[in-house]
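Try each task before you read its solution.

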Amino acid sequence: MSKKQTETLVGGFVLLGLLAILFLALKAANLASFSFDSTYTLQARFDEIGGLKVQAPVKSAGVTVGRIASITFDNKTFQALVTLQIDQHYQFPTDTSAKILTAGLLGDRYLGLEAGGDDKNLKPGDTIKMVQSAIVLESLISSFLYNKAAESPKDAGAKK
Amino acid sequence: MTLLAFPGLVGRRCLALLAALGHATLFFVDLLRHLPGALRRPYLCIVQVHAIGNRSLSIIGASGAAVGLVLALQGYMTLSRYGQSDSLGLLVAVALVRELGPVLTALLFAGRAGTSLTAEIGLMKSGEQLAAMEMMAVDPRVRVLAPRFVAGIFCMPVLGAIFSVVGILAAYVIGVLMIGLDPGQFWSQMQDGVDVVKDVGNGVVKTVVFGVAATFIALYIGYESQATPEGVALATTRTVVVSSLVVLFLDFILTALMFTAP
């Protein structure tokens, strides 16, 4: 095999390896992987995001309309500030509500948007006013047990 | 053989093993010493990269695809029992990038490239080519052994990455195109769960370590083989066995170091 041919083949091999490592690195890093052409940003503040992750889908009526861009902690209001990127094609009214829901029973969290009835639409950079935080299982169980415990002495007193 | 002679036999075998281990270590240090000489002759290394790397592409690619397909099918069956079938991408990527990619690539590399190295060096030795080179005041370790060592260390991370990528793409074909999972969840859970430094980076480190081990073992066993056709045949099988065991053992040590929380 000629020298030129060998070098070309080895160069191709090295290129393939570089592309493979690049693919692994980019795919593992948090670069946007969806094929939306243009998006606009909205914000929402939550008391509890409960396992919502960056790149989780934003769905309205069950259809994915965007992705979570970033989740940060606001040290002044002690809330989580979630930035959403919504597809340019979809506009939502200003009284849209955002809920953190679970896909399936124990699945991953996603953000659900329920459109309101206002005439005006949310502009890029607006904050969604009506939010419902994630339901955390432990808080539910502890509040249930607390209510149960509060009930029993009351019932015992009423029976007497 | 009398019963009394048995402990003597065991003792002699153990001492021989220790001697071989010491000889191998000295050989390794000698090989490292001649690395700069090989790096100064890049064309020799390039020819070896072609022989070791390019020629292994077909088996690495095919095996990567097969492992990815099987991982996707088995993973889907188990995950769907708990309603977590959306996590298939994460499962396949973590399994491939952290463990299966480096280890299986190393085992296939030892089987394909390792045996070819051993056979080549063994035949060179039996054909007295190495002795002839020494007669001409050409150091065979610089011209023959060290370029193959450099090529082996270089090719392993490349092949490991290609294995993992082909596996993930094959899993995508099964999971998204055939079973019908959500592609966004497939990639987003993977991107969320696989860390560039901790997972991909550690996987690359593993492939480099396995490359050093497998190539060195292949070269050593080839160099120390008996200069007969039977000796070369025996050496090639020994390469596969010893390389595989050492790679699996090193994998255990590296996994314990890298992936267990302190």
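Buried residues make up 23% of the 160 residues in chain A. Buried here means that 20 or more other C-beta atoms, placed from the backbone, lie within 10 Å of the residue's own. This is a predicted model, in which local features need pLDDT of at least 70 and side-chain atom pairs count only at pLDDT 80 or more, while totals for chains, interfaces and linings use all residues. Residues are numbered from 1 along each chain as its sequence is written, and chains are lettered from A and ligands numbered from 1 in the order in which they are written.

**Exercise 1. Find the partners of β4(A).**

Step 1. Take strand β1 (residues 39-46) of chain A. It pairs with β4 (residues 79-87) of chain A in the antiparallel sense over eight bridges; pairing requires at least two DSSP bridges. Thr41(A) stands opposite Gln85(A).

Step 2. Take β3 (residues 63-74) of chain A. Eight bridges join β3(A) to β4(A), and the two run antiparallel. Ile71(A) faces Val82(A) there.

Step 3. Look at the turn. β3(A) and β4(A) form a hairpin with four residues between them. Phe78(A), in that turn, has a positive phi of about 55°.

**Exercise 2. Trace the nonpolar cores.**

Step 1. Use the rule: a nonpolar core is a set of buried Ala, Val, Leu, Ile, Met, Phe, Trp, Tyr and Cys residues joined through C-beta atoms within 7 Å.

Step 2. Go to the largest core, of 79 residues. Among the members that touch the most others are Val49(B), Ile162(B) and Ala214(B).

Step 3. Name the contributors. α1 (3-28) of chain A gives two or more residues, as do several helices of chain B, including α5 (88-126) and α10 (229-259). α7(B) gives the most, with 22 residues.

Technical notes. A residue is buried if 20 or more other C-beta atoms lie within 10 Å of its own, exposed if 12 or fewer, and partly exposed in between; C-beta atoms are placed from the backbone.
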